[in-house]
Amino acid sequence: MDDYRAIADRLADDITAGRLKPGQRLMPQRQFARRRGIAGSTAGRVYAELVRRGLVVGEVGRGTFVRAAAHDPTGRALIEQASAAPVNMELNYPAVAGQSELLAPLLAPLLRPDVLTEALLPAAATGTAPAREAAATLLATPHWRPEPGRVLFTGNARQAIAATLASLVRPGGRVGVEPLTYPLVKEIAARLGRVLVPLAGDEDGPLPESVLAAHRTAPLSALYLQPTLHNPTSHTMSDERRRQLAHVVGDLGVPVVEDRIWSFLHPDAPDPFAAHAPGLTHVVDSLSKRVAPGLTVGFVVVPEDRGDAVAAAIRSGGWSAGRFALEAAVRVIGEGVVERLVEAKRADAALRQRIVAEELDGFAVRAHPQVYYAWWELPAPWRADTFTAAAAAHGIAVTPGPAFAVDPSRTPDAVRLGLASAAVPDLRRALRTLAGVARTGP
């Protein structure tokens, strides 16, 4: 009898050669087992192997379908140049006119030999006193301001998330997340050997009872949440839901990683989750979206008595911020440049959302009016992978919904549109093209 891997190899060859077409539904596993003369359990392992290789996707109640293209389940496309498409709506790095002109005079003094000598020294996870004060000022909201002494620094936001989770969760430990979560968190969990547990929720975020149920199944070591401008849906959790969840995690003693990387675009959002559960919440943020991807510093605001553990994780991972970047951050924050860039980016994001509303009018698109991404629930019979392939054929790169799904058996027929990186005229043309593709059908 054939080994299940050999059978999977032959099916993989059929997919690569095009004998099994993108979007084609594989026969049910029982029928496949009878056709091949193999056990049902073996057929299940074959299909699971194809899912693992990223060649097919299984969907509860619908079957198993061939993907449109090889799929990177880690979401690497969101951090690297993943596509040569003329309009890349996977990457999402906001920039506004005049940005470099604002930054150049502030950074120029760092190049003086006497200043540069100091700026090129290594930096600890605790950074410098001016950097801690500047970061606390930057991250403050009207009703919450972190203590400067609780701010730690990493090279970027991804490293801040990785270091925080590494310090909180042992290998094999469970992390509760929203069913759709940031793909980089999926990658980080896979690399660190942590298990992501999707929490049932509604339009307001995870339900408190879902946290209790997941914790009863097996203890949760932490939660990772995006309460403000969730990526990809852009939902913002209400203040009441934040209070409810804070009460639950407080009773359970489960720490929380609060991702606020996009929150600067929503000035009227409720208080951070950390304001409700300060003794458990680790706030992660960064400079790159506010300023520029090449000038990045990651921030972690830690609860009392958690500084040493997170700092140790930063050191062991090699994730410390550079001293030059810290010095640059102090200058751009202290001179008010960040505030000016944030205001400009809020206006730019609002303009781009108006273009989305115009070009995708009539479609099911979810987005906050001041955010740089949109969640497009595709019209039937489109599936996420086939639409992504069709978009690529027109020179447009989008992120398929399954990249955000924690449960591979529950993959949404949706795509995320990153609005920040394309020039405005290119964005409008791309959205108009995508609308035409969606109306035409696969």
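Predicted model: local features only at pLDDT ≥ 70, side-chain atom pairs only at ≥ 80, totals over all residues.
Local features here need pLDDT of at least 70 and side-chain atom pairs count only at pLDDT 80 or more, while totals for chains, interfaces and linings use all residues. Residues are numbered from 1 along each chain as its sequence is written, and side-chain values use heavy atoms, with hydrogens and water left out.

**Helix pairs**

Two packed helices are described by the angle between their axes and the distance between the axes. Axes are lines fitted to C-alpha atoms, for helices over the stretch in contact, and angles run from 0 to 180 degrees between N-to-C directions. Helices (H or I, at least four residues) and strands (E, at least two) are DSSP runs, numbered from the N terminus.

| Helix pair | Angle | Axis distance |
|---|---|---|
| α7 (residues 157-168) and α11 (residues 307-317) | about 120° | 8 Å apart |
| α1 (residues 4-17) and α3 (residues 40-52) | about 50° | 9 Å apart |
| α13 and α15 (residues 424-440) | roughly 25° | within 9 Å |

For the labels, angles under 35 degrees count as roughly parallel, over 145 as roughly antiparallel, 65 to 115 as roughly perpendicular and the rest as oblique. So α7 and α11 are oblique to each other, α1 and α3 are oblique too, and α13 and α15 come out roughly parallel.

What about handedness? A crossing is left-handed if the near helix is turned anticlockwise from the far one by less than a right angle, and right-handed if clockwise. The crossing of α7 past α11 is right-handed, as is the one between α1 and α3, and α13 with α15 is right-handed as well.

Now for who touches whom, where contact means heavy atoms within 4.5 Å. For residue classes, Ala, Val, Leu, Ile, Met, Phe, Trp, Tyr, Cys and Pro count as nonpolar, Asp, Glu, Lys and Arg as charged, and the others, Gly among them, as polar.

Between α7 and α11, the α7 side brings Ala163, Thr164, Ala166 and Ser167, which meet Ala309, Val310, Ala313 and Ile314 of α11. That contact splits into six nonpolar, two polar and no charged residues.

In the α1 and α3 pair, Tyr4, Ile7, Ala8, Leu11 and Ala12 of α1 sit against Thr42, Arg45, Val46, Glu49 and Leu50 of α3. Here the tally is seven nonpolar, one polar and two charged.

As for α13 and α15, the α13 residues are Leu351, Arg352, Ile355, Val356, Glu358 and Glu359, and α15 answers with Val424, Leu427, Arg428, Leu431, Arg432, Ala435 and Arg439. This contact has seven nonpolar, no polar and six charged residues.

**Nonpolar cores**

In soluble globular proteins, nonpolar side chains tend to be buried together. A nonpolar core is a set of buried Ala, Val, Leu, Ile, Met, Phe, Trp, Tyr and Cys residues joined through side-chain atoms within 4.5 Å. Buried means under 20% relative accessible area, exposed over 50%, and partly exposed in between (1.4 Å probe, protein chains only).

The largest such core holds 43 residues, and Phe153, Leu287 and Val332 have the most contacts inside it. Elements that each supply at least two residues include α4 (99-107), α6 (129-139), β4 (151-154), β12 (298-301), α12 (323-334) and α13 (337-359). The largest share, six residues, comes from α12.

Which residues does Leu287 contact, leaving aside its neighbours within four places in sequence? They are Leu138, Ala292, Leu295, Val297, Phe299, Ala329, Val332, Ile333 and Val338. A second, separate core has 31 residues, including Ala163, Ile261, Ala313 and Val406.

**A buried strand residue**

Ala414 belongs to strand β17 (residues 414-418) and is buried, at a relative accessible area of 1%. Not counting residues up to four places away in sequence, Ala414 touches Trp375, Trp376, Glu377, Leu378, Ala384, Pro400, Gly401 and Pro402. Phe387 is 27 residues away from Ala414 in sequence, and their C-alpha atoms are 8.8 Å apart.

Most residues other than glycine have a negative phi, and most peptide bonds are trans. The Ala380 to Pro381 peptide bond is cis, with omega near 5°, and Pro381 lies in the loop between β14 (373-377) and α14 (384-393).

Ser234 isn't a glycine, but its phi is positive at about 65°. Ser234 sits in the loop between β9 (220-225) and α10 (239-252). Is Ser234 buried or exposed? Ser234 is buried, with a relative accessible area of 6%.

Asp305 also has a positive phi, near 70°, and is found in the loop between β12 and α11. At 75% relative accessibility, Asp305 counts as exposed.
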